[in-house]
Structure formats: structure tokens, C-alpha cells
Amino acid sequence: MRILIHLLRSPAGAAGLAMLALTLAATALTPWFSPWDPYALDFGAAMQAPSASHWFGTDNFGRDIFTRVLAGAVFDLRIAVVCVFVPMLAGTMVGLVAGFFGGWVDAALMRLTDVVWAFPFYVLVLAIVGVLGASEANLYIAFFLVNWIGYARIVRGETILIARLEYIEATRVLRFGKLRVLLRHVLPNAVTPALVYAMSDVVLTVQAVAALSFFGLGVQPPAPEWGILIVESIDYMREAPWMTVFPGFAIVWIGIAFSLVGEGLSVALKPKG
Amino acid sequence: MKTRLNFRALLLASTLSLAALSAEAETLRVAMGYDPVSLDPIATSDNGSIWTQLLIYDTLVRPDATGTKLEPGLAESWTVSDDGLTIRFKLRDAKFSDGTPVTAEDVQFSIARAASEESGWGRFYRPITRFEIPNPREIVMHLTEPFTPAFNNLALFAAAILPKAALEAKGAAFFDAPVGSGPFVLKKWTRGASLELVKNPYYWQAGKPAVDEAVLEVVTEPSARVIKLEAGEVDVALDPPLNQLAALKAEPGITTGSVTPYRADFVQLNTRYAPLGNEKVRQALNYAIDKTALIKGVLYGEGTPAASAMPVMAYADPALTPYPYDPAKAKALLAEAGYPEGFEAEMLVDSGIATQRNTAIALQAMLAQVGVKVKIQMLESGTQWETTKAGGYQMSLSYTTSDTIDPDQIIGFVAVNPERANAYHTEWKNERLNALYTQERKTVNGPERGAMFREMIQILHDGAPFLFLYHPATVWAEKDYVKGFSVLPTSNFRLEDVTIAK
């Protein structure tokens, strides 16, 4: 709660949160203010330019792009958030254990991260999706297998630093249980840089999800996922540029929102003194 | 000394004349969406390879521009005996691009090679069991039993005539720099990017080809082909996005052309998948498709509705009408078949072709109206092909094109089981149709054979192992100064008659 108050005090954080809140509200309320069905075809209304009734215009099937972009937010946000926070949880645990216990535990876990790290991110995700097949579920598996590495490394570094601080030394003198020290005294401090990193990771993940769907490796049509909206618009870019521009704008919008929140968080979480 | 000087002068003169020639060399540049795989005619079935091969090699006979009859190729004339068991060809005085003459020996070698075990098209040529060579310019082919498509199959790319000596000397490497008797010779092949062709100086059609060079540029993105045409980087763009056609027609300096080739688009229905094994269900799905809306919304008017999976070609029945759009009847049939609530099915779609993607999305919406929930699975075309071949699919959006003017090739592919592809991997089987197919191949061309084809196509229409969609037109856009370019009903294009009038 204190973090949220700090976050709202920073202009960047407040702006970012406002953008996210607006997006979520618009997405949730779509059925109330848009008369259009994001999936229904109407060839008679194909490729209409933005107007009062179709704010973002219509696509080659006559579907309302504004409604589709909002419906698509559900996909992109859900995938991005799940693909960041689940691996973040796992990566944080790995980093904590590795940094706190050190020795062969640390060596073994860090060599594992090295192995995954050695492959370029997209090559690895492409390979995983290629083997398992393209679907939303497999997209999760691919991101889970890859995305935890960054968090494991960040949290491990922080943990090593924190473990040497005096107050942790003090817990040893007091003979606190290791688990208690780890979870109550190390974790809250070690996790803050990971949280900041997660914000920019969400941005990158939205882009990655859109890019994979663009190549037919992610979510499948007719889901109005933003990458799909863009790939479907390619051949119409010259006559109906709104088909490409607005989904692209949506990706940029969400990217800016999360970046601002990340910026705000890094300020809010900076140790005072 | 004197002779040496002469030789030098000659060399100099020829270099100069070559330079002069190349200065005014006319090059035709064509952007196509297919990337040729191989130039070995017996090893390929992809359009990019086939079209390129037909520019480099000749066949004995070839489909004419109307696609209704065969015209002389390397064979000047021919006679087919009344029983259809003997085909006699008289070869024209033609040379391969290396200057060696085309002989009956080369013809026998090429046809025997096309019939061999390593050939993907072997069963098209195996009925020819014996060759006889009375003289180097004449060849007689003997069949042991009647096989009507035999003559037609000699017009197929797989029966391209190759130089025996050169191929035997080089082996597989021959196809990296092939020698043929066709209008063009391969100069340079940059895989995935372009094929540079130069005119064959020994080509048998005097004065042709009109252009000195032809470059086939592989541009897989349809919009990019159009942009290249507008920018003047190519002279012809094949298959522009259909939605851009109206705008292209209006552009000064650009003309568009369109032909309806021998092609049919459809959805393969795997009859081994429970709901699709039921004929009523398959017919219901056909009633649920609004083909008129598909042609308007996806093909932008460039196509006609299809009544079967057969292209409209020789022996087609003009009275056979497509399934009308009738969702009420579709629902009734589904209920009769025991699926009043519909069912779920997965449809494989080639992710690389915009029209296919759009058709799939439209089909999904139309089938949802009658309760059939379709899940689209976008795949790379090779994977889609392998998956349907292995039988592990439910529905797959596909098409077929005929490389010959005789319907035997395609009926054997889409309707006969097992024959070539288990009725194009639908596993649908009709004994009456199978029997007609065997009979048709022994019946000489004429009304009797035509009646057999019409009955087969009617059975295919009623059995509906496919969702019959449409016959799309093949479209191209070209600069005004390109004259004489056209796509043939067999989907390939010839360039020997094309001129550039700048």
C-alpha cells in the first residue's frame, strides 16, 4: 500500500497507472459503449475509414477495429502479465536460494541459467513453440521456460549484497531460522529491483507475443490479438492504413503505460537516506 | 603470325559485338511469389519449380493457349493408333541450348526416366512399355493395354525432354545448370531470391524469344510485388493482392490481366474424423457456405463458385450447380445426422497466403452460424501438406491445379481412393467412382469418356468429401509496355512471345 502511495506521488507512476486503469476500464466496459461484435463479419461494411460510428474504421471483413483492439487487449495483457509474473515468482525463488546459500547450490543453479541464457531469446521461444505447436497454452510454456532467468540473476545479486549487511548478521546472532530470515528479511529487499525490471519485461513481452502471433506462432485467428490484427492488415496497408495503425498504437500505448509505472516504481522503491 | 592476328581481331570483334548486344539487351523482370525448389522435372510438384522448368525445357506436345487442345512442342507431328496402343512422333529439327541436336534417343531416355522408380510421376508414364526408334528424328511408343491419358501426360512438365549425354555425364549436378531445348537458359540461380534466364540461341522457334533476358524474382509478400512493379523494379507482378486490383487498374502505366485457370479451392474433410465421416454432415457444411459472399469479400469478385473439387475443364458438366447457401437446410441435415448442436473441428490453413487466411476466417464465421465451431490452425505450407498426408487432421483448406488439359490427373488425385492420394487424404471412397476411373483410362476420347467423367464428378459432388468453395482467377499486373504476357489455363506462363515496347 505504501508503495502504491509512493507510486502515485511520482508523476510518471501516476500517469502510467492512469493509462493502465483507462485501458482496463475501456476493455471491461466495451460491450456497454460499442454496438459492434468483434467477430461478426459484414462484407458490406468492409474497409471503411474511421468515422463517428467506427472510431478506428473497419477491417477487410467489415469488423469494427476499435472493438477488436479493445477485445485484443484482454489477450495481450493476460498473456504478458502471466508470462512475466509466473516466471518472476520462480526466478525470484531460485535467485534467493542461490544467493543466500551460495556454494554448490549457487554454482549449479547459475550454470543452469547460463545454459538457457546462451540461446538467443527468440530462437529458444521459436524452437519451443515450433516443437509444441502454436497456441496460447504453448506460448505460456515457452515464456515460462525462458523468462525466469533474468529474475533469478537479479535477485541472486541483490541477495548476496543483502546477506552481508549488518541486520542479516544480527539475525544469525539471534539464531533465527534460515527460512524466516530468507522470506521475511531478505526477500522484501531483494525483490524490488526485480519488480522494476518486471515492468519493462511486460513491455517486451507484449511485443514478443505480438511478434510471435505475427509469424503465426502465437494466438490463432480470429482472436483479435494485436499481432494478429497487424499481420492481417499487411495487404491492406495502402488502402486501409487504419487497420495497421491503430493496433500498432495500442502496443505503443501499453508499452508507454508499463514503462511509466516502472519508472515510478524505481523512484518509489529507492531506499531513502 | 597472320592467322594469329586474324584470330585476335575476330576475338576483339566478337567481344565488341557482344558488348553492343548487351548494351541494348532487353530484360523482362517478373516478380513471383513462389520459390522454385528444384529444376529436376521428375522430382518436383511445386508451382515455382514447374513454371521455371517449362521456360527451360520443352515437352513433345504442350497445351495451347486456350487450354482445350494440345499443340506441337518438340514433336512436329504425331499419330495415335485407333486402339490407342501405339503413339508415333516425328521430331522437329531442334537443338538443346548447348548446340547438340534433340534426338529420339533423348526422348526415350527422358520418358523412361520419368517412368522410373525415382520419379514422383512414374505411374503417369509406366503404361508406356516399349520404345522403337526408326531414325533419330522419329520415335514410336508402345503400350501393352489402353491408357487414354498417356498421350496427354507427355505434355506434362515431368515429361520434359532432357539431353541424355549431358545428364549422364553430370548426374544430379546437371540440374544446377540445366540444358534444355526451351526458349531460355538458366544463367544464374540465387536461391530464395532470383533466377536469371538468358535466351537460348538455338531455340527452334525462329526469332523467339523476343527479349534477351528474363529475370524471375522471388518476392513472397504480395504487396511487395506490387510496390516493386510501381517502383519500376519489375515489369510484371504475378498474384497481386486482390483487394488492390481496383486501385492498380486505375494507376497510369499499369495494366492488369486475369484468367481462370484449371483450379479448384476447397476444404479437405477427413472422413475418418467422426462427424465428418457422415455424408449428411459433409453436405450440411456445404449448404452452410455462402460462396457468393466469399467471392465478393475475399476474392473481390475474381472467381466463380465451385460445384466440386474438380477444375472446370474438359468434360465438365455445365448443368452441375454448386450447393446453394441454405443455413436452414444445413441445420436440418446436421440434426438428422445426430449433431443438432453442431460439433468442433480444427482447420489447417497455410499461414503464408493472405487469401487462404481470409477465406478461413470467413468460413469460421459462416460455419459458426450452423453451430460448427472451427478452430483455425495456421501452419507453414510444407507442414500443412505433411500433416494432411499423414492423416492427422480434421479439416484443411487447400486447392488443386491441373498441369494438363485432361481431367484424368486431377480426378485421380481428389476423388479416387487409394490411387494417388486417398482422395486427397480425405480417405473418402466410392467404389462406383473407382470403377469408372479404371474404365475411363481405357476409353478413347469422345462422348463415352465424357459421360464417365460427368458421372464421377456428380458422385464427388454428392459424396462431398470436401467443402467446395470457388475457382479463383489468376491475376497479374504489368507495365503498359509489356506486350503478350499471359498466364495459361495450366497456371504457368510462357515468355517467348513477350515483347517490351518502351
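**View 1. Helices α3 and α6 of chain A pack against each other.** Helix α3(A), residues 65–101, and helix α6(A), residues 136–163, have axes that come within 5 Å and cross at roughly 40°. This is a predicted model. The two helices are therefore oblique to each other. The crossing of α3(A) past α6(A) is right-handed.

View 2. Helix α9(A) spans residues 192–214, and helix α11(A) spans residues 242–268. Their axes come within 7 Å and cross at roughly 170°. An angle over 145 degrees counts as roughly antiparallel, and α9(A) and α11(A) are therefore placed in that class. From α9(A), the contact takes in L195(A), V196(A), M199(A), V202(A), V203(A), V206(A), Q207(A) and A210(A). From α11(A), the contributors include I251(A), I254(A), G255(A), F258(A) and S259(A). Also on the α11(A) side are V261(A), G262(A), L265(A) and S266(A). By class, the contact has 12 nonpolar and five polar residues, with no charged residues.

**View 3. Chain A as the setting for both helix pairs.** Chain A has 11 helices and zero strands. Its C-alpha atoms fill a box of roughly 75 × 45 × 25 Å along the principal axes. Of its 273 residues, 49% count as buried. Consider contacts in chain A between residues at least 6 apart in sequence: 71% of them join residues at least 24 apart.

**View 4. A seven-stranded sheet in chain B.** The strands of this open sheet are ordered β8-β9-β10-β1-β11-β19-β12, with mixed pairing. Strands β8(B), residues 184–190, and β12(B), residues 254–259, stand at the edges. Each has a single partner strand, so one side of each is left without a neighbour in the sheet. Neighbouring strands are turned by 20° against each other on average, direction ignored. V259(B) has T474(B) of β19(B) as its bridge partner.

View 5. Five bridges link β6(B) to β7(B), residues 138–143, in the antiparallel sense. One bridge pairs F131(B) with M141(B) of β7(B).

View 6. H425(B) is found in helix α15(B), residues 422–425. Is H425(B) buried or exposed? Its relative accessible area is 7%. Buried means under 20%, so H425(B) counts as buried. Leaving out residues up to four places away in sequence, H425(B) touches Q268(B), T388(B), K389(B) and Y393(B).

Notes:
Residues numbered from 1 in each chain as written. Chains lettered and ligands numbered in written order. Predicted model: local features only at pLDDT ≥ 70, side-chain atom pairs only at ≥ 80, totals over all residues. Heavy atoms only, no water. Axes fitted to C-alpha atoms, helices over the stretch in contact; angles between N-to-C directions. Helix = DSSP H or I, 4+ residues; strand = E, 2+ residues; numbered from the N terminus. Parallel < 35°, antiparallel > 145°, perpendicular 65-115°, else oblique. Left-handed = near helix turned anticlockwise from the far one by under 90°. Pairing = 2+ DSSP bridges. Buried < 20%, exposed > 50% of the residue type's maximum accessible area, 1.4 Å probe, protein only. Contact = heavy atoms within 4.5 Å. Nonpolar A, V, L, I, M, F, W, Y, C, P; charged D, E, K, R; others polar.
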